[in-house]
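Take a look at the structure below. This short report walks through a sheet, a pair of helices and a chain contact.

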Amino acid sequence: MRIIIDAMGGDNAPLEIVKGALSGQKRWGMDVTLTGDTVAILKALESCGVKELPKGMEIANTTETVEMCDDPATVFRRKKDTSMGVALQMLRDGKGDAVVSAGSTGALLTGATLIVKRVRGIRRAAMAPVIPTTTTGRAVLIDCGANAECTPEYLVQFAYLGSFYAKRVLGLDNPRVGLLNIGAEDSKGTELQKEALCWLRQAGEEGHLNFIGNIEAKEAIKGGCDVIVTDGFSGNIMLKSIEGTGSLAGSAVKSIFKKNLLTKLAAAIVMPGLNAFRAMMDPNKVGGTAFIGISKPVIKAHGSSNAEAIENAMGQAKQFAESGLIADIENNVELMKVEKEEFTK
Amino acid sequence: MTMEEIFKTMQGLIAEQFALEDDEVTMDSSFTDDLGADSVDLVELVMAMEEEFDIGEIAEEDLTDLKTVGDCVRYLSGKLSD
């Protein structure tokens, strides 16, 4: 297994990316190709105490970087030799099994779509982070921001993509799929949710999905379903709300425990549990988010990734590449097609 | 290639990309208004055109004029006869 890593993408590139690549290579037992400026990468390796390229690690030299100000739609036409673009080309050409990048989300998604391509028949790739839930521990949120505007067809496809992801990557036998809405009743939501609901119900009745109907955000966080289907706009708001609530809860708990000597002693007793909670909410521990619907595995690590985040994203990439998820999507794409004229029913 | 042949090829490319039947794509179809294309769709289509018709890279200033399927067919016809 060879993972291609965009060494120049992210706020802490290339040092933290290279550091993460070194530890990830050891931990996951994989070969690594770093794309980027060779001089900068070698300097970063040197800062990590590595004088020579480790066995199984290669550098693919590139001369440009995708910047946050670059237009995602056109950057790969304007800049032909970016660390991100070359990484995606190498993946397309079979020179690696997955790509990890902490660079611009929009550019990575567009690049993955234009260079690596979507699975034939998939209308849009989606971002599907795994979020913590109260009772079941985790759920797939799809989409969390790749597609702000969606059609019912996209949501139907996301439901299948999320369900396959939950089966193959999270190991759930029969994942429960819910459509994020402002209430559980069928009449709730905009036309988008109402139309998508009809199609998802049909898919459920035909036995293609374990669809449980509409679900409110609070119920989803309690573990009411395993796959939360939504448009990227609402999904992003939900994701950021969870992050914000986690941060609020963390600060509140901290101030409670800091009150006096007794509460500080109590804090010492519950510290392992608090650390586990913090880890659950820590993006560096999670690693990254998979782009589902692309024909090969592409993992977006968050922009401020440190070495630990890159190491974990590499593990995610390995798991994704070995999961059989993409074959599942390719083999079932016919099920995901929706007759557009019937939307008006 | 004749205009008709170019149109037929474009029809296939567009139908495939936008998950449509061939006959839903006409010369008058507007990419944004009728097909709901966004900026990524348009770049994807342009790349597919460049590859299919082997015309090299289409200049960015030319892209702004390609608003309908007919615009693309006429543009390609001109390029191919150069």
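## The sheet

Chain A holds an open sheet of seven strands, in the order 3-2-1-4-12-11-5, and its pairing is mixed. The model is predicted. Strand 3 (57-61) and strand 5 (126-128) of chain A stand at the edges. Each has a single partner strand, so one side of each is left without a neighbour in the sheet. From one strand to the next, the twist averages 25 degrees.

Strands of a sheet pair through backbone hydrogen bonds, either parallel or antiparallel. Strand 4 (residues 98-101) and strand 12 (residues 298-301) of chain A run parallel, joined by three bridges. Within this pair, V99(A) has V298(A) of strand 12 as its bridge partner. Helix 4 (residues 83-92) of chain A packs on the sheet. Helix 4 touches strand 1 (2-6), strand 2 (31-36), strand 3 and strand 4 of chain A. Its direction makes about 160 degrees with that of strand 1 of chain A.

## Two crossing helices

How do helix 1 (residues 15-28) and helix 12 (residues 307-323) of chain A meet, and at what angle do they cross? Their axes come within 7 Å and cross at roughly 45 degrees. That angle makes helix 1 of chain A oblique to helix 12 of chain A. The crossing is right-handed.

Helix 1 of chain A contributes residues including E16(A), I17(A), R27(A) and W28(A) to the contact. Among those from helix 12 of chain A are A307(A), M314(A) and K318(A). The contact residues divide into seven nonpolar, four polar and six charged.

## Where the chains touch

Six residues of chain B are in contact with six residues of chain A. On the chain B side, four are nonpolar, one is polar and one is charged.

Definitions and conventions
Residues are numbered from 1 along each chain as its sequence is written. Chains are lettered from A and ligands numbered from 1 in the order in which they are written. This is a predicted model: local features need pLDDT of at least 70, side-chain atom pairs count only at pLDDT 80 or more; totals for chains, interfaces and linings use all residues. Two residues are in contact if their C-beta atoms, placed from the backbone, lie within 7 Å. Ala, Val, Leu, Ile, Met, Phe, Trp, Tyr, Cys and Pro count as nonpolar, Asp, Glu, Lys and Arg as charged, and the others, Gly among them, as polar. Axes are lines fitted to C-alpha atoms, for helices over the stretch in contact, and angles run from 0 to 180 degrees between N-to-C directions. Helices (H or I, at least four residues) and strands (E, at least two) are DSSP runs, numbered from the N terminus. Angles under 35 degrees count as roughly parallel, over 145 as roughly antiparallel, 65 to 115 as roughly perpendicular and the rest as oblique. A crossing is left-handed if the near helix is turned anticlockwise from the far one by less than a right angle, and right-handed if clockwise. Two strands pair if DSSP finds at least two bridges between them.
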